[in-house]
Amino acid sequence: MFTLSRIRELCSSVGIDDCAVTVPHLLDDDARYLTQWLQKGYNGSMTYMEQNLDKRTDPQKLYPYCKSILVCLLSYYKKDRQVKGAPYISISGLSRNDYHIVMKNRLNQLEQMIISECGEQISSAWLEPQHVFCDSAPVFERRLACEAGLGIIGKNHLFIHPLLGSYVHIGILMLPIDIYDDRSSKWVNFNPCAGCRKCINNCPTGALRDDLFDARKCVSYLTIERKEPLDAKYNNLLENRLYGCDNCQLVCPCNQSLKETSCDDLKANAELLAMTKDDWNNSSHRKKLKLLHRLAKKN
Ligand code: B12
Ligand code: SF4
Ligand code: SF4
């Protein structure tokens, strides 16, 4: 049987910063939480969150051959910032390449290595259904990262790794084989949110509260996902925010002394860093989408 130690060696050889494994089971509590969240309308126009609840709750409905769920993390933290006065782009949005593609490429490489070591154990039919995910499918990614023992979900609703902080993308590789978790220690006592609410205090729109997350008010939703017209009350607030928001991460004590990402694709795009407000105003819609890796999604 494959051990997690061996998988972790393979992960680091393809540039994944950390990974761990969990087994598929019903995520009923999360499904209940999500159902209530949807009933309150907090998803706004993100109607895709209403679909496939059964698959989100039960990973084996999403990928029937699933025996192990490998959760992989890639740091996208970078210190470079845009020129002064430029419309704000979130730190993840500043990356040189599209993180969905970057993560999936690494997960595919990892899978090839696992297959070549497993030999006959994996039937090719088992690999036909989609089983590599990053922000593109009904998967409770943050919950799975916690279940795998990689960290916790903070009051900012983001997954936080004790060493990598919250500026990590989560990638999921569902596998048709058992993986023996031979780690001697997990991050069990990591509890940074006790006595802290800096993220809540610094959320510019009140999207983040003690008891809820109203995505309709999140700047990330308002600048990236929203389909309905912008409510006038947000006009001033969003004036200089072009793409996403990081306030609930920038203030978090877990993010204060992080190493920069070692992944070249997720380092800052120099062209984006140099663009002034005028440059943005004079850019075509197509160019903006291209720079922000949104072109394929909008076509
Ligand atoms: C929809 C979505 C959004 C929406 C809604 C955000 C949200 N909080 O749900 C919007 C557009 C606003 C958004 C914004 C951002 N997003 Co987003 N988003 C997603 C997506 C596609 C689904 C998230 C989801 O399931 N939401 C549903 C609600 C109900 O989830 P939730 O409130 O967090 O609750 C979950 C847990 O916290 C937990 N939970 C919380 N409370 C409780 C209470 C109980 C009792 C229980 C049982 C469980 C529970 O259970 C829930 C289910 O797991 C994921 C990818 C994926 N497939 O997972 C990426 C993802 C979460 N996003 C990501 C990122 C990077 C961002 C931004 C930082 C982008 C930016 N810079 O602007 C912001 C951060 C905003 C924030 N503070 O969360 C990353 C997060 C990485 C990380 N370290 O956590 C993800 C994982 C994508 C990825 N693979 O990189 N996002
Ligand atoms: S700012 Fe504080 S409360 Fe918010 S996620 Fe970070 S440690 Fe937790
Ligand atoms: S990304 Fe910005 S608007 Fe959204 S919850 Fe975090 S601080 Fe609030």
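View 1. Helix H1 (residues 4-13) lies across E2 and strand E3 (68-75), and runs at about 145 degrees to E2; axes are lines fitted to C-alpha atoms, for helices over the stretch in contact, with angles from 0 to 180 degrees between N-to-C directions. Helix H5 (residues 99-118) lies across E3, E5 and E8, running at about 35 degrees to E8. Helices (H or I, at least four residues) and strands (E, at least two) are DSSP runs numbered from the N terminus.

**View 2. The open sheet of four strands.** The strand order is E2-E3-E8-E5, with antiparallel pairing, where two strands pair if DSSP finds at least two bridges between them. Strand E2 (18-22) and strand E5 (132-133) stand at the edges, and because each has a single partner strand, one side of each is left without a neighbour in the sheet. E5 is joined by two bridges to strand E8 (residues 168-175) in an antiparallel run, and Phe133 has Ile172 of E8 as its bridge partner.

**View 3. Contacts of Cys72.** Apart from its neighbours within four places in sequence, Cys72 is in contact (C-beta atoms, placed from the backbone, within 7 Å) with Cys11, Ile16, Cys19, Leu107, Gly171 and Leu173.

**Notes.** Residues are numbered from 1 along each chain as its sequence is written, while chains are lettered from A and ligands numbered from 1 in the order in which they are written. In this predicted model, local features need pLDDT of at least 70 and side-chain atom pairs count only at pLDDT 80 or more, whereas totals for chains, interfaces and linings use all residues.

Technical notes
Contact = placed C-beta atoms within 7 Å.
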